[in-house]
Amino acid sequence: MEVHREIFEEPEEESGSPVIAYAADMLPSMSRPMHNHDRGQLLHIFSGSLLVHLEDRSFFVPPDRAVWVPPRIFHRTTNTKLAEFRTLYIREDLCAQLPDRTAVISVTPLFKQLIMALMSTPRDYEEDSPVGRIARVLVDQIGAQPVAPLALPLPKAERLRSLCERISSNPKEMPVLQEAADLCFLSPRTFERRFKAQTGMSFGRWCRQARLLKAVELLSDGASVSDVSFELGYEGTSAFIAAFKKAFTVTPGQYLNGEVA
């Protein structure tokens, strides 16, 4: 199904339609500054990848995944590669039945077909029409999808946050605990205590999660498993696959094919 030409136009969120569809092709290195919406928003990636940043965490969205953002949650988006961006704006009264926290969710084949069906029709539809019923089923599907572990909490303290941003951009060069503490002018014990208080994770676990999210990003961009394991400093391909499977319960290849437990 082709996207209807109207869907490529910036939508008017004050429309009474229960779900408003919007499509855009995002060029490499495009970004949107912090903003929010009165409606809930489902950001879905058909191809490419997307990073969604909140004030306290970041979410990575690979192909055939989506991120759900409740109404009035401030967020910004960036992408490193060309991305086919498809989004749904959900009327606020319908969001009461949906998760109240931002999360990356899986997109089943049925869910994807429903999104494509809404994208292929004009926005002016009646709620009790066939298109309106598709919109209602889409809302139900958002709440039914399993959450994917593709979030990374970020500390608020400036030095801790700066350290995390540095590690996220190049997780191969991860500092050991003593070095990380020194960079933040803290003792190792104080560093660990403050880091866990602000992220909910130990420094070591956070670093492992950052490296795995970077792995998903590289795999989504077409890198091979062996290249990713080398790029991120794993001892070998087997070690990378084992770490990936422990975190996601499936191998890297299965994950990108949508086989998420």
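A salt bridge here is a side-chain nitrogen of Lys or Arg within 4 Å of a carboxyl oxygen of Asp or Glu. By that rule, Glu 165 pairs with Arg 161, with the closest N and O atoms 3.6 Å apart. The model is predicted, so local features need pLDDT of at least 70, side-chain atom pairs count only at pLDDT 80 or more, and totals for chains, interfaces and linings use all residues. Residues are numbered from 1 along each chain as its sequence is written, and side-chain values use heavy atoms, with hydrogens and water left out.

**Salt bridges**

- The whole structure holds 10 salt bridges.
- In one of them, Glu 92 meets Arg 72, and the closest N and O atoms are 2.2 Å apart.
- Glu 92 sits in the loop between S8 and S9 and Arg 72 in the loop between S6 and strand S7 (75-78), so this pair ties together parts that are 20 residues apart in sequence. Helices (H or I, at least four residues) and strands (E, at least two) are DSSP runs, numbered from the N terminus.
- Glu 92 is partly exposed at 37% relative accessibility. Arg 72 is partly exposed too, at 41%. The classes are buried (under 20% relative accessible area), exposed (over 50%) and partly exposed (in between), with a 1.4 Å probe and protein chains only.
- Glu 165 and Arg 161 are 4 residues apart in helix H3 (residues 158-169), a separation of about one helical turn. An α-helix has 3.6 residues a turn, so residues three or four places apart point the same way.
- Glu 165 has a relative accessible area of 43% and is partly exposed. Arg 161, at 22%, is also partly exposed.
- Arg 136 and Glu 127 form a salt bridge through their side chains, at 2.8 Å from N to O. Arg 136 is partly exposed at 36% relative accessibility, and Glu 127 is partly exposed at 34%.
- A network of salt bridges links Arg 91, Asp 93, Glu 127 and Arg 136.

**Helix H2**

- Helix H2 covers residues 130-144, 15 residues in total. Its first and last C-alpha atoms are 21 Å apart, close to the expected 21 Å. The expected span is 1.5 Å times one less than the number of residues.
- Buried residues of H2 are Val 131, Gly 132, Ala 135, Leu 138, Val 139, Gln 141 and Ile 142.
- These residues pack against strands S1 (19-26), S3 (40-47), S6 (65-69), S8 (83-90) and S9 (103-106), and against helix H1 (109-119). Contact means heavy atoms within 4.5 Å.

**Nonpolar cores**

- The largest nonpolar core has 51 residues, and Phe 191 and Trp 206 touch the most other members. Such a core is a set of buried Ala, Val, Leu, Ile, Met, Phe, Trp, Tyr and Cys residues joined through side-chain atoms within 4.5 Å.
- Helix H6 (residues 203-220) supplies the largest share of this core, 10 residues.
- Another core, of 25 residues, lies apart from it; among its members are Ala 66, Leu 94, Val 131 and Val 139.
- Beyond neighbours within four places in sequence, Trp 206 contacts Leu 152, Pro 153, Leu 154, Cys 164, Ile 167, Ser 168, Phe 195, Thr 199 and Met 201.

**Helix H6 and its partners**

- H6 packs with helix H8 (residues 237-248) at an angle of about 105 degrees, their axes 11 Å apart. Axes are lines fitted to C-alpha atoms, for helices over the stretch in contact, and angles run from 0 to 180 degrees between N-to-C directions.
- The two helices, H6 and H8, are thus roughly perpendicular. That class spans 65 to 115 degrees; under 35 is roughly parallel, over 145 roughly antiparallel, and the rest oblique.
- From H6, Leu 212, Ala 215, Val 216 and Leu 219 meet Phe 240, Ala 243, Phe 244, Ala 247 and Phe 248 of H8.
- Gln 209 also lies in helix H6 and is buried at 15% relative accessible area. Not counting residues up to four places away in sequence, Gln 209 touches Pro 149, Ala 151, Leu 152 and Met 201.

**Two loop residues**

- Ser 49 is in the loop between S3 and strand S4 (50-53) and is buried at 2% relative accessibility.
- Setting aside residues up to four places away in sequence, Ser 49 touches Phe 60, Val 61, Pro 62, Asn 79, Thr 80, Ala 83 and Asp 221.
- Ile 73 lies in the loop between S6 and S7 and is partly exposed at 28%.
- Ile 73 and Thr 102 are 29 residues apart along the chain, with 8.3 Å between their C-alpha atoms. Besides neighbours within four places in sequence, Ile 73 contacts His 35, Asn 36, Leu 54 and Thr 102.
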